[in-house]
Amino acid sequence: MTRVKHFYDQVTSTFTYVVSDAKSGLAAIVDPVLNLDYASGTLGTRSADEVVKYIRDQSLSLQYILETHIHANHLSSAPYIRERLGGE
């Protein structure tokens with residue numbers, strides 16, 4: 001059975017998805033968000049940390065981090081997540 005869990009980033013109005021296989025525990029992340037405070041120009045990892053926590057809590061094995069399109073409204077947290085969970 002395939003599971004899809006979404007995470008909504010209110011500031012950028014974007015969704016990140018974790019798609020996983022319940023039997024094998026393999027997972028992919030789709031369009032991970034790196035938080036950006038527009039006023040201060042600072043970056044944050046709150047959204048990415050939420051996804052990392054979910055994957056760890058569910059004992060999933062991250063295989064892929066996918067970017068489906070160019071993101072004009074947010075930055076990708078793929079490198080940050082890769083450092084913590086692996087994946088390609």
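Which residues does I29 touch, not counting residues up to four places away in sequence? Select I29 and look around: T16, Y17, V18, V51, I55, L62, Y64, I65, L66 and I81 are there, where touching, or contact, means heavy atoms within 4.5 Å.

Before moving on, know your model. It is predicted, so local features need pLDDT of at least 70 and side-chain atom pairs count only at pLDDT 80 or more, while totals for chains, interfaces and linings use all residues. Residues are numbered from 1 along each chain as its sequence is written, and side-chain values use heavy atoms, leaving out hydrogens and water.

**Stop 1: the whole chain.** Switch to cartoon view and you'll find two helices and seven strands. These are DSSP runs numbered from the N terminus: helices are H or I with at least four residues, strands are E with at least two. Starting at the N terminus, the order is β-β-β-β-β-α-β-β-α.

**Stop 2: the core.** Now select V18, I29, I55 and I81, which touch the most other members of the 15-residue largest nonpolar core. Such a core is a set of buried Ala, Val, Leu, Ile, Met, Phe, Trp, Tyr and Cys residues joined through side-chain atoms within 4.5 Å. Buried means under 20% relative accessible area, exposed over 50%, and partly exposed in between, with a 1.4 Å probe and protein chains only. The biggest giver is α1, with five residues. In soluble globular proteins, nonpolar side chains tend to be buried together.

**Stop 3: helix α2.** Pick A78, Y80 and I81, the buried residues of α2. Look down the helix axis: they fall within an arc of 160°, so they line one face of the helix. That arc is taken from the directions between the helix axis and the C-beta atoms. These buried residues pack against β3, α1, β6 and β7 (75-76).

**Stop 4: charged pairs.** Show the side chains of R46 and D9, which meet in a salt bridge (3.2 Å, N to O). The rule is a side-chain nitrogen of Lys or Arg within 4 Å of a carboxyl oxygen of Asp or Glu. R46 sits in helix α1 and D9 in strand β1 (residues 2-9), 37 residues apart. D9 is buried, at 2% relative accessible area, whereas R46 is partly exposed at 49%. Next, select D57 and K53, whose closest N and O atoms are 2.5 Å apart in another salt bridge.
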